[in-house]
Amino acid sequence: MDKDLYNNPDISNAELVNRDTFERLMAKKRRRRIFRRINYILLSIVMCLVFIAVCMALFLKIERIEVKGNLRYDGDKIIEASGIRVGQNLYAINKKKARSLIQTEYPYINNVVIRRTLPSTLTFTVTEEEPVYYTVICGEYFILSSTLRVLGRTEVMPRNDGERRLIMLKLSDIKSVIVGEQIEFDKELSFDYISSFIAEVTEHKISEHLTEIDMSKKYNIYINYQDRFRIYMGDNTETEMKLTFAELMIDKFEPEQTGLVDVHDITVGSVILDK
């Protein structure tokens, strides 16, 4: 209440009390109206969310599932492995679980992106690994990607994958080999050491002519070039320069010549030809 009213001699105490009560009642009504409006707004939001949820449950059902990017595996088989079926709610699927199921069933698939397209389409876009290497463990052959992911197992030497020739990879200190996962080594640093080396080899143009990479001894790495020259690399340092140096030296010899190329020290590279 205005303080001037208390100082006005023409207004009685009874009038002051009535005015004070009136103003408090009006303020209380205003607060009620505000709370009522807030409640209406909140109730409207809740009803809208419920309506949207009901519409999604009733109408946004999967009517079509398509697969893109698959070369090795049949699209229908990939859909079957995902556990997702036509008729399911478009937003009720577990994409992470579906991705895991697909990769477990089909190890050549490195990644699956699952997208919803309203009103009723689900799209799987798969990325497949390329086989680059193979290795031998306990008499069995394992096909590997460039990232040392195990793509398959066979009892027959897999020299080729289609038109591509696979590179023999000799390794040591292997802890476990599981199809669909990367090779594990006894020592944690071994994976980084090996993967960094073969990544550089894979990116170099010389990789088209390699038949074997021997990393069974960590600091005595050898690679075979066209089954003609055995290249001694030493360790995994300066890999690109060593490969380039080796290729330059090999190009100077006739196609029928064979031997040992030593580039572990790029300042004093040497070639010893077979007799």
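**Notes on the predicted model**

1. The protein holds six helices and 16 strands, where helices (H or I, at least four residues) and strands (E, at least two) are DSSP runs numbered from the N terminus. This is a predicted model, in which local features need pLDDT of at least 70 and side-chain atom pairs count only at pLDDT 80 or more, while totals for chains, interfaces and linings use all residues. Residues are numbered from 1 along each chain as its sequence is written, and side-chain values use heavy atoms, with hydrogens and water left out.

2. Of the 275 residues of the protein, 35% count as buried; buried means under 20% relative accessible area, exposed over 50% and partly exposed in between, with a 1.4 Å probe and protein chains only. Among contacts (heavy atoms within 4.5 Å) between residues at least 6 apart in sequence, 48% join residues at least 24 apart.

3. Helix α5 (residues 188-203) and helix α6 (residues 239-250) have axes that come within 9 Å and cross at roughly 45°, the axes being lines fitted to C-alpha atoms over the stretch in contact, with angles from 0 to 180 degrees between N-to-C directions. The two helices, α5 and α6, are therefore oblique to each other (under 35 degrees counts as roughly parallel, over 145 as roughly antiparallel, 65 to 115 as roughly perpendicular and the rest as oblique). On the α5 side the contact is made by Phe197, Glu200 and Val201, and on the α6 side by Thr239, Glu240 and Leu243.

4. A search of the whole structure finds seven aromatic pairs, counted where rings of Phe, Tyr and Trp (its six-membered ring) have centres within 6.5 Å, with planes under 30 degrees apart taken as stacked, over 60 as edge-to-face and the rest as tilted. One of them is the tilted pair of Tyr73 and Tyr106, whose ring centres are 4.4 Å apart and whose planes lie at 40°. This pair links distant parts of the chain, with Tyr73 in the loop between β1 (64-68) and α3 (75-82) and Tyr106 in the loop between α4 (95-105) and β2 (109-117), 33 residues apart. Tyr73 counts as buried at 17% relative accessibility, and Tyr106 is buried at 13%. Tyr73, Tyr106 and Tyr108 form one aromatic cluster.

5. Phe229 and Phe253 form another tilted pair, 5.9 Å centre to centre with 40° between the planes. Phe229 lies in strand β14 (residues 229-234) and Phe253 in the loop between α6 and β15 (259-262), so the pair ties together parts 24 residues apart in sequence. Phe229 is buried, with a relative accessible area of 1%, whereas Phe253 counts as partly exposed at 25%.
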